[in-house]
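This report looks at strand pairing and aromatic contacts. The structure comes first, then the details.

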Amino acid sequence: MTCHLEVKSKFGHQKKISDTTEFKELTKKDAEIQLSHELEKLLLTTTTEKERYEHEFSGYKKLFQQFLQGTGPSLQWDKIVPIPAEAIKNYASLAEPPSESIKDMLNKLVVIKLNGGLGTSMGCTGPKSIIPVRNDLTFLDLTVQQIEHLNNTYDCDVPLVLMNSFNTDEDTQKVLRKYRGFRIKIHTFTQSKYPRINKESLMPIAYSIDDEDPEAWYPPGHGDFYGTFCKSGLCEMFLKEGREFCFISNIDNLGATVDISILLFCCFSD
(Lines give C-alpha, C1' and ligand atoms only; values in the text may rest on other atoms or scores of the structure.)
Protein backbone atom coordinates (compact mmCIF):
# COMPACT_ATOMS: atom_id res chain seq x y z
CA MET A 1 0.00 0.00 0.00
CA THR A 2 1.32 3.45 -0.91
CA CYS A 3 0.46 6.38 1.27
CA HIS A 4 0.09 9.78 -0.42
CA LEU A 5 0.52 12.92 1.66
CA GLU A 6 0.30 16.56 0.70
CA VAL A 7 2.79 18.71 2.57
CA LYS A 8 2.99 22.49 2.62
CA SER A 9 6.34 23.77 3.83
CA LYS A 10 6.89 27.02 5.69
CA PHE A 11 7.98 28.54 2.38
CA GLY A 12 4.64 27.92 0.74
CA HIS A 13 5.35 25.25 -1.87
CA GLN A 14 3.29 22.05 -1.95
CA LYS A 15 4.41 18.54 -2.75
CA LYS A 16 2.71 15.18 -3.00
CA ILE A 17 4.84 12.61 -1.26
CA SER A 18 4.40 9.06 -2.45
CA ASP A 19 7.28 7.37 -0.67
CA THR A 20 9.98 7.79 1.94
CA THR A 21 12.66 8.78 -0.56
CA GLU A 22 10.64 11.67 -1.93
CA PHE A 23 9.81 12.80 1.60
CA LYS A 24 13.49 12.84 2.53
CA GLU A 25 14.38 14.80 -0.59
CA LEU A 26 11.75 17.41 0.24
CA THR A 27 13.00 17.82 3.81
CA LYS A 28 16.58 18.18 2.54
CA LYS A 29 15.51 20.90 0.13
CA ASP A 30 13.66 22.73 2.88
CA ALA A 31 16.72 22.47 5.13
CA GLU A 32 18.91 24.05 2.42
CA ILE A 33 16.44 26.91 1.92
CA GLN A 34 16.07 27.50 5.65
CA LEU A 35 19.85 27.46 6.15
CA SER A 36 20.28 30.12 3.45
CA HIS A 37 17.75 32.31 5.26
CA GLU A 38 19.54 31.85 8.58
CA LEU A 39 22.94 32.66 7.05
CA GLU A 40 21.46 35.82 5.52
CA LYS A 41 20.28 36.84 8.98
CA LEU A 42 23.80 36.33 10.33
CA LEU A 43 25.24 38.50 7.53
CA LEU A 44 22.93 41.33 8.57
CA THR A 45 24.64 41.41 11.98
CA THR A 46 27.96 42.62 10.52
CA THR A 47 28.97 45.53 8.31
CA THR A 48 32.77 45.55 8.44
CA GLU A 49 33.36 41.93 7.37
CA LYS A 50 30.29 41.17 5.28
CA GLU A 51 32.24 40.36 2.09
CA ARG A 52 34.49 37.93 3.97
CA TYR A 53 31.58 36.04 5.51
CA GLU A 54 29.67 35.95 2.23
CA HIS A 55 32.61 34.07 0.72
CA GLU A 56 32.95 31.75 3.71
CA PHE A 57 29.23 31.00 3.90
CA SER A 58 29.26 30.13 0.19
CA GLY A 59 31.72 27.34 0.95
CA TYR A 60 29.77 26.37 4.05
CA LYS A 61 26.56 25.90 2.06
CA LYS A 62 28.34 23.50 -0.30
CA LEU A 63 29.57 21.53 2.70
CA PHE A 64 26.06 21.49 4.16
CA GLN A 65 24.67 20.15 0.88
CA GLN A 66 27.22 17.33 0.94
CA PHE A 67 26.18 16.56 4.51
CA LEU A 68 22.52 16.34 3.51
CA GLN A 69 23.27 14.11 0.53
CA GLY A 70 25.42 11.73 2.54
CA THR A 71 23.97 8.23 2.64
CA GLY A 72 25.53 4.93 3.59
CA PRO A 73 29.20 4.42 4.48
CA SER A 74 31.65 7.22 3.70
CA LEU A 75 34.09 4.74 2.14
CA GLN A 76 33.40 2.15 -0.54
CA TRP A 77 35.99 -0.42 0.42
CA ASP A 78 35.53 -2.52 -2.71
CA LYS A 79 36.85 0.40 -4.76
CA ILE A 80 40.01 0.85 -2.67
CA VAL A 81 43.04 -0.94 -4.08
CA PRO A 82 46.78 -0.69 -3.37
CA ILE A 83 48.69 1.82 -5.47
CA PRO A 84 50.98 0.32 -8.14
CA ALA A 85 54.37 -0.78 -6.84
CA GLU A 86 56.13 1.44 -9.39
CA ALA A 87 54.40 4.48 -7.87
CA ILE A 88 56.36 4.05 -4.63
CA LYS A 89 59.85 5.52 -4.64
CA ASN A 90 62.39 3.96 -2.31
CA TYR A 91 63.90 6.74 -0.22
CA ALA A 92 67.33 5.09 -0.33
CA SER A 93 67.31 5.43 -4.12
CA LEU A 94 66.93 9.22 -4.05
CA ALA A 95 69.93 11.13 -5.34
CA GLU A 96 71.94 13.54 -3.25
CA PRO A 97 71.50 17.05 -4.63
CA PRO A 98 74.65 18.86 -5.79
CA SER A 99 75.57 21.52 -3.25
CA GLU A 100 75.51 24.32 -5.82
CA SER A 101 71.82 23.68 -6.63
CA ILE A 102 70.44 23.45 -3.08
CA LYS A 103 69.97 27.19 -2.62
CA ASP A 104 67.97 27.55 -5.84
CA MET A 105 65.79 24.56 -4.93
CA LEU A 106 65.03 25.87 -1.45
CA ASN A 107 64.11 29.27 -2.87
CA LYS A 108 61.27 27.51 -4.70
CA LEU A 109 59.85 26.22 -1.40
CA VAL A 110 57.26 27.51 1.08
CA VAL A 111 56.86 25.85 4.49
CA ILE A 112 53.27 25.92 5.74
CA LYS A 113 52.22 24.95 9.25
CA LEU A 114 48.61 24.36 10.26
CA ASN A 115 48.16 26.43 13.41
CA GLY A 116 44.44 26.39 14.09
CA GLY A 117 44.29 24.12 17.12
CA LEU A 118 44.09 24.94 20.80
CA GLY A 119 46.01 23.16 23.54
CA THR A 120 42.89 22.09 25.44
CA SER A 121 43.50 18.38 24.80
CA MET A 122 46.85 18.83 26.58
CA GLY A 123 45.28 20.62 29.51
CA CYS A 124 46.49 24.03 28.33
CA THR A 125 44.83 27.22 27.16
CA GLY A 126 45.61 29.19 24.01
CA PRO A 127 47.15 27.97 20.74
CA LYS A 128 48.85 24.61 20.83
CA SER A 129 51.84 26.13 19.02
CA ILE A 130 52.87 28.23 22.03
CA ILE A 131 53.00 25.34 24.50
CA PRO A 132 56.57 24.78 25.81
CA VAL A 133 57.77 21.32 24.81
CA ARG A 134 61.55 21.29 25.33
CA ASN A 135 63.89 23.55 27.30
CA ASP A 136 61.06 26.10 27.57
CA LEU A 137 60.88 26.28 23.76
CA THR A 138 57.45 26.07 22.14
CA PHE A 139 56.37 24.23 19.00
CA LEU A 140 56.51 27.57 17.19
CA ASP A 141 59.98 28.40 18.56
CA LEU A 142 61.38 25.09 17.34
CA THR A 143 59.71 25.45 13.93
CA VAL A 144 61.22 28.91 13.48
CA GLN A 145 64.64 27.57 14.49
CA GLN A 146 64.39 24.73 11.96
CA ILE A 147 63.64 27.04 9.05
CA GLU A 148 66.14 29.69 10.11
CA HIS A 149 68.77 26.93 10.18
CA LEU A 150 67.95 26.14 6.54
CA ASN A 151 68.20 29.80 5.56
CA ASN A 152 71.53 30.26 7.36
CA THR A 153 73.06 26.99 6.17
CA TYR A 154 72.22 27.39 2.49
CA ASP A 155 71.96 31.21 2.28
CA CYS A 156 68.38 30.88 1.05
CA ASP A 157 65.02 32.49 1.81
CA VAL A 158 62.47 29.86 2.84
CA PRO A 159 59.37 31.57 4.28
CA LEU A 160 57.11 30.20 7.02
CA VAL A 161 53.34 30.47 6.60
CA LEU A 162 50.92 29.82 9.46
CA MET A 163 47.31 28.91 8.78
CA ASN A 164 45.62 30.20 11.93
CA SER A 165 42.01 29.93 13.03
CA PHE A 166 39.79 32.47 14.76
CA ASN A 167 40.74 30.61 17.95
CA THR A 168 44.49 31.12 17.55
CA ASP A 169 45.09 34.17 15.36
CA GLU A 170 45.11 36.93 17.98
CA ASP A 171 47.44 35.14 20.41
CA THR A 172 49.72 34.00 17.59
CA GLN A 173 50.12 37.54 16.22
CA LYS A 174 51.31 38.72 19.63
CA VAL A 175 53.94 35.97 19.83
CA LEU A 176 55.28 36.54 16.31
CA ARG A 177 56.76 39.89 17.31
CA LYS A 178 59.66 38.18 19.07
CA TYR A 179 60.92 36.65 15.80
CA ARG A 180 61.52 39.97 14.03
CA GLY A 181 65.29 39.68 14.41
CA PHE A 182 65.45 36.17 12.95
CA ARG A 183 66.41 35.30 9.39
CA ILE A 184 62.95 34.15 8.43
CA LYS A 185 59.90 35.77 6.86
CA ILE A 186 56.67 34.75 8.57
CA HIS A 187 53.25 35.15 6.95
CA THR A 188 49.84 34.27 8.32
CA PHE A 189 46.31 33.82 7.07
CA THR A 190 43.15 32.69 8.82
CA GLN A 191 40.98 29.77 7.81
CA SER A 192 37.22 30.09 7.57
CA LYS A 193 34.83 30.49 10.48
CA TYR A 194 31.86 28.17 10.07
CA PRO A 195 28.70 28.07 12.23
CA ARG A 196 27.89 24.92 14.16
CA ILE A 197 24.38 23.57 13.63
CA ASN A 198 21.80 22.24 16.04
CA LYS A 199 21.47 18.47 15.72
CA GLU A 200 17.66 18.53 15.64
CA SER A 201 16.89 21.66 13.61
CA LEU A 202 20.06 21.57 11.44
CA MET A 203 20.16 25.36 11.81
CA PRO A 204 23.06 27.54 13.05
CA ILE A 205 23.44 27.93 16.80
CA ALA A 206 24.87 31.46 16.50
CA TYR A 207 22.51 34.43 16.46
CA SER A 208 25.16 36.96 15.45
CA ILE A 209 28.54 37.09 13.72
CA ASP A 210 29.89 38.47 16.99
CA ASP A 211 28.49 35.58 19.05
CA GLU A 212 31.43 34.55 21.24
CA ASP A 213 29.91 31.28 22.41
CA PRO A 214 32.72 28.74 21.74
CA GLU A 215 30.09 26.17 20.78
CA ALA A 216 28.61 28.41 18.08
CA TRP A 217 31.50 28.34 15.59
CA TYR A 218 34.23 26.00 14.39
CA PRO A 219 37.28 26.20 12.09
CA PRO A 220 36.89 23.65 9.24
CA GLY A 221 40.54 22.57 9.42
CA HIS A 222 42.90 21.01 6.89
CA GLY A 223 40.46 20.80 4.00
CA ASP A 224 39.96 24.56 4.10
CA PHE A 225 43.62 25.22 3.29
CA TYR A 226 43.46 25.43 -0.51
CA GLY A 227 40.58 27.87 -0.77
CA THR A 228 41.66 30.24 2.00
CA PHE A 229 45.33 30.15 0.98
CA CYS A 230 44.43 31.27 -2.54
CA LYS A 231 41.96 33.88 -1.31
CA SER A 232 44.54 35.31 1.11
CA GLY A 233 46.70 36.49 -1.80
CA LEU A 234 49.73 34.59 -0.52
CA CYS A 235 49.55 31.93 -3.23
CA GLU A 236 49.69 34.56 -5.97
CA MET A 237 52.53 36.39 -4.21
CA PHE A 238 54.65 33.26 -3.86
CA LEU A 239 54.08 32.26 -7.48
CA LYS A 240 55.33 35.67 -8.59
CA GLU A 241 58.43 35.08 -6.45
CA GLY A 242 59.11 31.85 -8.32
CA ARG A 243 57.97 29.50 -5.56
CA GLU A 244 56.72 26.14 -6.81
CA PHE A 245 56.38 23.79 -3.83
CA CYS A 246 54.58 23.79 -0.49
CA PHE A 247 55.63 21.68 2.47
CA ILE A 248 52.56 21.31 4.73
CA SER A 249 52.33 19.78 8.20
CA ASN A 250 50.80 20.38 11.62
CA ILE A 251 52.62 22.87 13.85
CA ASP A 252 53.04 20.22 16.57
CA ASN A 253 54.66 17.71 14.19
CA LEU A 254 58.30 18.57 14.84
CA GLY A 255 59.46 15.49 12.95
CA ALA A 256 58.04 16.87 9.71
CA THR A 257 61.04 18.78 8.39
CA VAL A 258 62.30 19.76 4.94
CA ASP A 259 64.25 16.96 3.26
CA ILE A 260 66.65 18.14 0.54
CA SER A 261 66.65 14.80 -1.31
CA ILE A 262 62.85 14.71 -1.51
CA LEU A 263 62.81 18.33 -2.68
CA LEU A 264 65.31 17.43 -5.43
CA PHE A 265 63.04 14.58 -6.52
CA CYS A 266 60.06 16.97 -6.66
CA CYS A 267 62.01 19.52 -8.67
CA PHE A 268 62.97 17.09 -11.41
CA SER A 269 60.13 14.54 -11.46
CA ASP A 270 57.45 14.70 -14.15
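This is a predicted model. In it, strand β6 (residues 160-164) is joined to β7 by five bridges, and the two run parallel. Within this pairing, Val 161 stands opposite His 187 of β7.

**The sheet**

Strands β6 and β7 belong to an open sheet of four strands. The order is β7-β6-β3-β10, and the pairing is parallel. Which strands stand at the edges? They are β7 and β10 (245-250). Each has a single partner strand, so one side of each has no neighbour in the sheet. From one strand to the next, the twist averages 25°.

Helix α5 (residues 169-176) packs on this sheet. The helix touches β3 (109-115), β6 and β7. Its direction makes about 155° with that of β6.

**Aromatic pairs**

Strands pair through backbone hydrogen bonds, either parallel or antiparallel. Aromatic rings need another description: the distance of the centres and the angle of the planes. A search of the whole structure finds ten aromatic pairs. Two of them are set out here.

| Pair | Centre to centre | Angle between planes | Class |
|---|---|---|---|
| Phe 189 and Phe 225 | 6.2 Å | 55° | tilted |
| Phe 229 and Phe 238 | 6.4 Å | 25° | stacked |

Why is the pair of Phe 189 and Phe 225 tilted? Planes under 30 degrees apart count as stacked and those over 60 as edge-to-face. The planes of Phe 189 and Phe 225 are at 55°, so this pair is tilted. For Phe 229 and Phe 238, the angle is 25° and the pair is stacked.

Phe 189, Phe 225, Tyr 226, Phe 229 and Phe 238 form one aromatic cluster.

**A lysine over two rings**

Which rings have Lys 193 over the face? One is Phe 166, with Lys 193 at 5.5 Å from the ring centre. Another is Trp 217, where Lys 193 lies at 4.8 Å from the ring centre.

Methods
Residues numbered from 1 in each chain as written. Predicted model: local features only at pLDDT ≥ 70, side-chain atom pairs only at ≥ 80, totals over all residues. Heavy atoms only, no water. Phe/Tyr/Trp six-rings, centres within 6.5 Å; stacked < 30°, edge-to-face > 60°. Lys NZ or Arg CZ within 6 Å of the ring centre and 35° of its normal. Pairing = 2+ DSSP bridges. Axes fitted to C-alpha atoms, helices over the stretch in contact; angles between N-to-C directions. Contact = heavy atoms within 4.5 Å.
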